[in-house]
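Open the model in your viewer and keep the sequence panel beside it. This tour tells you what to select at each stop and what is there.

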Amino acid sequence: MKTNKILNISNDLRWQIGEGFHDKLTEGIYSDAATISQNSVRKKGDKKRFRFDRSLDKIVTSKIWGFPIMILILSIVLWLTIIGANYPSGLLADLLIGQVYPWLKSIGESLGFSWWLSGFLFDGVYLALAWVIAVMLPPMAIFFPLFTLLEDFGYLPRVAFNLDHLLKKSGAHGKQALTMSMGFGCNAAGVIATRIIDSPRERLIAIITNNFSLCNGRWPTQILIASIFIGALVPENFAGAVSTLAVISIALLGIFFTFMVSLFLSKTMLKGEVSSFTLELPPYRPPRFWKTIYTSLIDRTLIVLWRACVFAAPAGAVIWLISNVGIGDSNIANWLIVHLDGFGLLIGLNGVILLAYIVAIPANEIVIPTILMLTVMSAAITGVGSGNGVMFELESVSATGDILKAGGWTLLTAINLMLFSLLHNPCSTTIYTIYKETKSVKWTTVASILPIILGFIVCFLVAQVWRILM
Amino acid sequence: MKKAVNSACEGCDLNQASNLKKLGINIDNNNYVVALAGNPNTGKSTVFNALTGLRQHTGNWPGKTVTRAEGGYSYNEKKYKLVDLPGTYSLLSTSQDEEVARNFILFGKPDVTIIVVDASRLERNLNLVLQILEITDKAVLCLNLMDEAKRLDIEIDDRTLARDLGIPVVPTSARSKEGIPELLNTVHQVATGEIKCKPHRIKNVPKNINNAIEKLSLEIQETYPNVPNSRWIALRLLDGDERIIEAVKTGEFISE
């Protein structure tokens, strides 16, 4: 065998050379590189820009100011998103649901559609799509460009630098800060991004904990519930600021859970050494403003929106079906809600919310519309909505609040929904991505089940404390 | 002002880049395969987008590209498939993103490898360049981020650099598309064999190691005469790289 001969020779030679081959080779490469660059590179003059980068880095990565600045920047981005998305959302809802929806219904009528066909198509599929577009498009169109601008400027590696210390203490890899940041956009993207982590142990930790980064499908839920229930606790002038604060607390709580779960995993299932790595802080680069806006709108916003629509359409159909197909004298949805209610109330939620989360496994974006529709149906509120299994948008945020309160919601339900929205299983796309990345049923199961167990525990505890105190 | 001049140039017949057709993801029936390699955060994806017209997401942080992206362009009536590899600092370790890059250059046998480097951090970037030059003969150095180097008052003598490395060097600022026409032309010349490269080989290694490399490399050449990178394979075998040992056993790199 010729190939064996090669391998034998290489084994013999390896013995002859002795240890340190790798190091000597690396040294050789470095010294060659130094010689070559000395021959052709000339540095001159002072390096003002470099100094600017250095002094900016001193502030944004300082031990005292690093975290406050991070939270401040996150707050500004969120606040702009919350304030800015309100108006276009209303406009879109008015157009798609106020104008186009009745028009579609009338077309269906003139074509002689039967009630179930028109219900299935327009009340189910179309309304689900319309809701997703009205609710998701405006915040994404603001959030993503802002985030991309920060990314182009070079802020993300500084965030990683700030968090590295804490992550290392939790037994995780410092680069997890980067994948975590990606998760704030989309968890599936965050899971794919973990490929930058070399060690399989730390990579698994990063994959499992990525779900604790609020993804953009969950931001609207947080923002809406915070505005209805928590913003309403204070005078109107402060409502925006207080809602922002509430949402930020949830996001920070997510980061806290990332650390805690990483620590837990690295002490139990995924024991091992923390590996070190070099993190290059790239120079700050002025973002090309318009180009960034354009690409983040086209590439990120529209792609995520498209995904949401693809999942929302069949989900809308399912909601309509379970609300209109009967078991005995009730329909499937009602039957499920009644059976889930006991457990739901125990953990400070209710049957409607649990059912909504089951229906919305494909996409977190449709949780709120599903909850509204199911609440109206099960509480048999009259005067709103247009029938069983019809998703709708109410003209104002306070009207949405009225529905929910009529459905038996309290401040506790709202807080626990925000917590549960943070702590529940990843969406089906993310679960599938985790499987593709880990190729392991076991770790995919852990990553899917662990957050929801945590969610049950946290909601249960909050409910018990609340009931004792209130 | 500068922008306007640039765009006028792009439309001019005398401009070499006017022979460029961005083909997006249409990469069937290509004549040449071109790989894009380099350190993280040197602008590989920006170069990729400039050539293919695709909008692969770019961002200012290391490690953004973790899989390889493919796109195409046609230039001077030849079709090129361009493969954007994950950024790596070296090819000597075994993380997943490094392996993607390394395996493609080694087993994918690209016709040309464009090595994108950050002009303001040349010395550090050269470590990877020297490793890639051990693997492949046909390479072009894309000295990117020249605008940034200028701001830092760094001057680079690209002709000396080209002579030392033994491959063509093209200064670019891919963000503003400066130097892209020259890059296209140089890649074309290397692909068609108009330019012959004589890449630098790692020199500063102790004699006994060098001898060992030579000996093993000769042996590999005898067994597999068509292998272009016997020295690299020898290097990796001596380092005990499992993946390469496996490849030698199966004869993977001569199979095509």
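**Stop 1: the interface**

Select chain A and chain B together. Between chain B and chain A, eight residue pairs are in polar contact, both residues having pLDDT 80 or more. A polar contact is a pair of N or O atoms within 3.5 Å; within protein, one must be able to donate a hydrogen and the other to accept it, and residues adjacent in sequence count only if both atoms are side-chain atoms.

Now colour the chain B side by element. Those giving two or more residues to the side that touches chain A are helix H3 (96-107), helix H4 (122-135), helix H5 (146-151), strand E7 (154-156), helix H6 (158-165), helix H8 (207-223), helix H9 (230-239) and helix H10 (242-250) of chain B. Helices (H or I, at least four residues) and strands (E, at least two) are DSSP runs, numbered from the N terminus. H8(B) gives the largest share of that side, eight residues. By class, the chain B side that touches chain A holds 27 nonpolar, 17 polar and 19 charged residues. Ala, Val, Leu, Ile, Met, Phe, Trp, Tyr, Cys and Pro count as nonpolar; Asp, Glu, Lys and Arg count as charged; the others, Gly among them, count as polar.

This is a predicted model: local features need pLDDT of at least 70, side-chain atom pairs count only at pLDDT 80 or more, and totals for chains, interfaces and linings use all residues. Residues are numbered from 1 along each chain as its sequence is written, chains are lettered from A and ligands numbered from 1 in the order in which they are written, and side-chain values use heavy atoms, with hydrogens and water left out.

How many residues does the contact take from chain B and from chain A? Chain B gives 63 residues and chain A gives 63 residues; contact means heavy atoms within 4.5 Å. The buried area between the two chains is about 6,100 Å², and carbon and sulfur atoms give 60% of that. Buried area is the accessible area (1.4 Å probe) that two parts lose on being put together, summed over both.

**Stop 2: across the chains**

Select Glu155(B) and Arg42(A). They form a salt bridge, with the closest N and O atoms 2.5 Å apart.

Next, show the strands. Strand E1 (residues 41-43) of chain A and E7(B) run antiparallel, joined by three bridges. Two strands pair if DSSP finds at least two bridges between them. Val41(A) stands opposite Ile156(B) in E7(B).

**Stop 3: salt bridges within chains**

Over all chains, the structure holds twelve salt bridges. Select Arg158(A) and Asp57(A): their closest N and O atoms are 2.7 Å apart in a salt bridge. Arg158(A) is in helix H6 (residues 156-169) of chain A and Asp57(A) in helix H3 (residues 48-60) of chain A, 101 residues apart. Are these two buried or exposed? Arg158(A) counts as buried at 1% relative accessibility, and Asp57(A) counts as buried at 13%. Buried means under 20% relative accessible area, exposed over 50%, partly exposed in between (1.4 Å probe, protein chains only).

Move to Asp137(B) and Arg201(B). This salt bridge has its closest N and O atoms 3.2 Å apart. Asp137(B) lies in the loop between H4 and strand E6 (139-144) of chain B, and Arg201(B) in the loop between helix H7 (180-192) and H8 of chain B, so the pair ties together parts 64 residues apart in sequence. Asp137(B) is partly exposed at 33%, and Arg201(B) is partly exposed at 26%. Then select Glu134(B), Glu214(B) and Arg231(B), joined into one network by salt bridges that share partners.

**Stop 4: around Ser120(B)**

Select Ser120(B), in the loop between E5 and H4 of chain B. Ser120(B) is buried, at 11%. Its side chain makes a polar contact of 2.7 Å with that of Asp118(B) and one of 3.1 Å with that of Arg121(B). Arg121(B) and Asp118(B) also form a salt bridge, closest N and O atoms 3.4 Å apart.

**Stop 5: strand E2(B)**

Finish on strand E2 (residues 32-38) of chain B. Seven of its seven residues are buried, so the strand is largely enclosed by the rest of the structure. E2(B) runs parallel to strand E4 (residues 78-84) of chain B, joined by five bridges. Val33(B) stands opposite Lys81(B) in E4(B).

Notes. Salt bridge = Lys/Arg side-chain N within 4 Å of Asp/Glu carboxyl O.
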